[in-house]
Amino acid sequence: MGPVTITLSEPITAHGETVSALTLEAPRARHLRNLPLTGTPSVGLLLDMAGAVSGLPPSAIDQLSAPDTMRVVEAMAGFLELGPGAMPSS
């Protein structure tokens, strides 16, 4: 699966610049080290991975609006092939 670009409904700030779209690269093994072997990953883990694969710091990811957050979480879950309707644990 190639990169996924999400146009944000509310821009965020990262590295002193306005970010209006987030490009998520497919995660690699280094991004999956803390992924549990059973169950579904937490929202926090998926957001941490989103920051890592997009090159944005946690402080930028934390600015995402709730709807944008859910779109990012769904995109990251898609990279992991969690299946339709599978939502991360809290």
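Residues are numbered from 1 along each chain as its sequence is written, and side-chain values use heavy atoms, with hydrogens and water left out. Because the model is predicted, local features need pLDDT of at least 70 and side-chain atom pairs count only at pLDDT 80 or more, while totals for chains, interfaces and linings use all residues.

**Exercise 1.** Determine what span helix α3 has and which of its residues are buried.

Solution. Helices (H or I, at least four residues) and strands (E, at least two) are DSSP runs numbered from the N terminus, and α3 covers residues 66-79, which makes 14 residues. From first C-alpha to last it reaches 20 Å, close to the 20 Å expected at 1.5 Å a residue, where the expected span is 1.5 Å times one less than the number of residues. Buried means under 20% relative accessible area, exposed over 50%, and partly exposed in between (1.4 Å probe, protein chains only); the buried residues of α3 are Asp 68, Thr 69, Val 72, Val 73, Ala 75, Met 76, Ala 77 and Phe 79. Their cover includes β1 (4-14), β2 (17-24) and α1 (43-54).

**Exercise 2.** Find which residues form the salt bridge and how each is placed.

Solution. A salt bridge is a side-chain nitrogen of Lys or Arg within 4 Å of a carboxyl oxygen of Asp or Glu, and a search of the whole structure finds one. The side chains of Arg 71 and Asp 68 form this bridge, at 3.2 Å from N to O. Both residues lie in α3, three residues apart, about one turn of the helix. An α-helix has 3.6 residues a turn, so residues three or four places apart point the same way. Arg 71 counts as partly exposed because its relative accessibility is 36%, whereas Asp 68, at 0%, counts as buried.

**Exercise 3.** Describe where Ser 65 lies and what its side chain meets.

Solution. Ser 65 is in the loop between α2 (58-61) and α3, and it counts as buried because its relative accessibility is 9%. Its side chain makes a polar contact of 3.1 Å with the side chain of Asp 68; such a contact is a pair of N or O atoms within 3.5 Å, and within protein one must be able to donate a hydrogen and the other to accept it, with residues adjacent in sequence counting only if both atoms are side-chain atoms. Leaving out residues up to four places away in sequence, Ser 65 touches Ser 9 and Glu 10, where contact means heavy atoms within 4.5 Å.
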